[in-house]
Amino acid sequence: MGKIYMTLLKQHARRSDVEELGFCQLNIGQLSRNRFWGEDEINPRRAPLCVSSLLWHGGDLLLADPCLPYEQMDDLLFNRAGRRTKDVTALFLTHPHGDHTVDAMRYDVPLYIAPGAEDDWIDSPLWERLRLYPNELLPGVRSILLPGHTTASAGLAFPWPDRQTGRRSALVAGDAVMTKDFFSAETGYFNSADFAAAAETIKMIKRGFDIVIPGHDLLIPV
Ligand SMILES: [Zn+2]
């Protein structure tokens with residue numbers, strides 16, 4: 001009896017390990033200039049670095065917004081998630097800015113953008129490589145349009161994998177949310193395509209999500 005129970009327990013543990021959606025914010029990111037620190041918006045003070053996120057389910061590994069050159073991304077993936085760039089099975093790109101698409105061309109996997117985001121990408125050198133994200137490529141992971149930062153910025157909505165508090169709704173926001181200060185102030189970055197739309201998008205995110213992974217900052221509990 002005990003043996004059968006242990007076997008069942010092991011099978012269950014193995015199955016739920018495979019079935020659970022995984023998430024890791026790989027880095028924190030930084031801005032070239034930050035008006036909330038009293039910095040002007042004309043002169044960049046430092047190199048920008050976006051937040052990269054990793055979502056996985058079984059053998060599927062979805063990297064959202066590569067932030068570093070390919071070889072350094074390999075180190076970041078290994079140090080933060082025990083994975084390698086060669087393990088990545090798909091990329092999701094929130095918008096075409098260079099700090100969110102570093103070496104994207106070098107990944108020999110599908111490069112996904114959100115359906116409806118095509119207008120943002122027509123002039124991108126990546127255009128020929130892009131494919132539309134098929135919703136639920138990973139279970140429960142949906143693309144969502146978040147206009148304002150660019151005309152058709154997008155993100156990934158997913159159920160937060162949290163066994164303690166139950167599942168909550170999370171969002172990889174890209175630059176629809178730059179940092180916690182921009183989120184609080186409900187405002188876009190200096191290079192926003194449409195500031196009114198950027199503000200509306202942040203309000204929508206506040207209504208709809210419990211956890212936000214911004215484009216250039218630590219995760220934000222809403
Ligand atoms: Zn951007």
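Before I look at pairs, a note on terms: I count two strands as paired if DSSP finds at least two bridges between them. Strands are DSSP runs of E with at least two residues, numbered from the N terminus. This is a predicted model, in which local features need pLDDT of at least 70 and side-chain atom pairs count only at pLDDT 80 or more, while totals for chains, interfaces and linings use all residues. Residues are numbered from 1 along each chain as its sequence is written.

**Six-stranded sheet.** I looked up the strand order and found an open sheet running β1-β2-β3-β4-β5-β6, with mixed pairing. β1 (22-25) and β6 (130-132) each have a single partner strand, so one side of each lacks a neighbour in the sheet. On average, neighbouring strands here are turned by 30° against each other, direction ignored; the axes behind this angle are lines fitted to C-alpha atoms.

β1 runs antiparallel to β2 (residues 53-57), joined by four bridges. Glutamine 25 sits opposite serine 53 of β2.

**Glycine 98.** I found this residue in the loop between β4 (90-92) and β5 (111-113). Is glycine 98 buried or exposed? It counts as exposed because it has 9 C-beta neighbours inside 10 Å; the cut-off for exposed is 12 or fewer other C-beta atoms within 10 Å, with C-beta atoms placed from the backbone. Its C-alpha atom is 8.9 Å from that of cysteine 67, 31 residues apart along the chain.

**Five-stranded sheet.** My last entry is another open sheet, ordered β7-β8-β9-β10-β11 with mixed pairing. Its edge strands, β7 (142-145) and β11 (220-221), each pair on one side only. Two bridges link β10 (residues 211-214) to β11 in the antiparallel sense, and valine 212 faces isoleucine 220 in β11.

How values were computed. Axes are lines fitted to C-alpha atoms, for helices over the stretch in contact, and angles run from 0 to 180 degrees between N-to-C directions. A residue is buried if 20 or more other C-beta atoms lie within 10 Å of its own, exposed if 12 or fewer, and partly exposed in between; C-beta atoms are placed from the backbone.
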